[in-house]
Amino acid sequence: MITSNLVEKAEEINRTKLGKFNKTYKGTKVGIMGGTFDPIHSAHLATAEFIRDKYKLDKIIFIPSGNPPHKKNTIVNKYDRYEMVKLATMSNEDFIVSDMEIIRDKRTYTIDTLRDMKKEYDSIDIYFITGADAICDIETWKNVEENFRLATFIAATRPGISKASTKEKINDLRKKYSANIIEVYVPSLDISSTYIREKLKNNGSIRYLVPEEVREYIECKKLYNNGD
Ligand SMILES: Nc1ncnc2c1ncn2[C@@H]1O[C@H](COP(=O)(O)OP(=O)(O)OP(=O)(O)O)[C@@H](O)[C@H]1O
Ligand SMILES: O=C(O)c1ccc[n+]([C@@H]2O[C@H](COP(=O)([O-])O)[C@@H](O)[C@H]2O)c1
């Protein structure tokens, strides 16, 4: 059973990783994995690691959305979602969690996050990682054109999202916005937070679909059990 010690340990480990990054970020290639993470699951982690490895990114910064623009009703509050992301990433030296969207009061738009990242870390190359569903929706994002100026986007294939229409959409975005978008075929993991929440609602097992620490945190805090 998870103890508050483990939550504190995850916080301490993350603080140490962030401290090191703050001293060594200059000239690095950094992936940003933004998401609602309600909750974080194994496909988020496997996708991020696959992309880090394939494109030789130095670090992946996970940025849980505080107040996500397109998901008006998160099920679990932002602090629990943030704790779960720290627990899920504590064993990976190259995964860091940022609270920059958690501490923001207003709606958390990616454009504000990218501007803040550029201000704080002046000389990094930013690769914003999304699933195919998110890249197909990107024209509904705030200041889409500026997002493309500030980062290269890496769009990961996702089960259930047509590869042909994703490719077409990406080509369209490249033409329209001179966007730098890399399309990447990641090994398919047909897992979503919706699926995890459904499982929990029906008292099903989520073992191995999320890291064990996350499963224990959910169980201990009785998150999601009362349904949507
Ligand atoms: N199985 C997956 N494969 C590839 N990318 C994924 C996968 N699941 C989520 N992503 C991507 O991770 C990012 C964060 O996703 P998010 O936190 O919304 O999870 P989700 O599983 O899509 O949630 P929900 O089911 O609640 O919509 C998005 O860019 C999303 O496209
Ligand atoms: O900035 C926007 O307008 C915007 C609109 C929708 C989604 N996003 C970002 O896209 C990422 C994935 O979002 P989601 O809703 O799939 O969890 C996350 O970092 C969100 O903040 C950003």
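**Notebook: ligand shells and the strands beside them**

I looked up ligand 2 and found that 15 residues surround it, the closest being G34, T36, Y109, T110 and W141; I count a residue as near a molecule if its C-beta atom, placed from the backbone, lies within 6 Å of it. The elements that give two or more residues to this shell are β1 (29-35) and α4 (110-120), where helices (H or I, at least four residues) and strands (E, at least two) are DSSP runs, numbered from the N terminus.

I note that this is a predicted model, in which local features need pLDDT of at least 70 and side-chain atom pairs count only at pLDDT 80 or more, while totals for chains, interfaces and linings use all residues. Residues are numbered from 1 along each chain as its sequence is written, and chains are lettered from A and ligands numbered from 1 in the order in which they are written.

Next I turned to ligand 1, which has 18 residues around it, with G35, A43, G131, S193 and T194 coming nearest. At least two residues of this shell come from each of α2 (42-54), β4 (125-131), α5 (132-136) and α8 (193-201), and α2 supplies the largest share, 3 residues. By class, I find 6 nonpolar, 9 polar and 3 charged residues around ligand 1.

β4 runs parallel to β1, joined to it by 5 bridges, and K29 has D125 in β4 as its bridge partner. β4 also pairs in the parallel sense with β5 (residues 152-156), over 5 bridges, and there F128 stands opposite F153. I call two strands paired if DSSP finds at least two bridges between them.

Finally, I looked at the whole chain, which has 9 helices and 6 strands. Its radius of gyration, taken over C-alpha atoms, is 17 Å, close to the 17 Å that the globule rule gives for 228 residues, so the chain is as compact as a globular protein of that length; the rule is 2.2 Å times the number of residues to the power 0.38. Buried residues make up 40% of the 228 residues.

Conventions: Ala, Val, Leu, Ile, Met, Phe, Trp, Tyr, Cys and Pro count as nonpolar, Asp, Glu, Lys and Arg as charged, and the others, Gly among them, as polar. A residue is buried if 20 or more other C-beta atoms lie within 10 Å of its own, exposed if 12 or fewer, and partly exposed in between; C-beta atoms are placed from the backbone.
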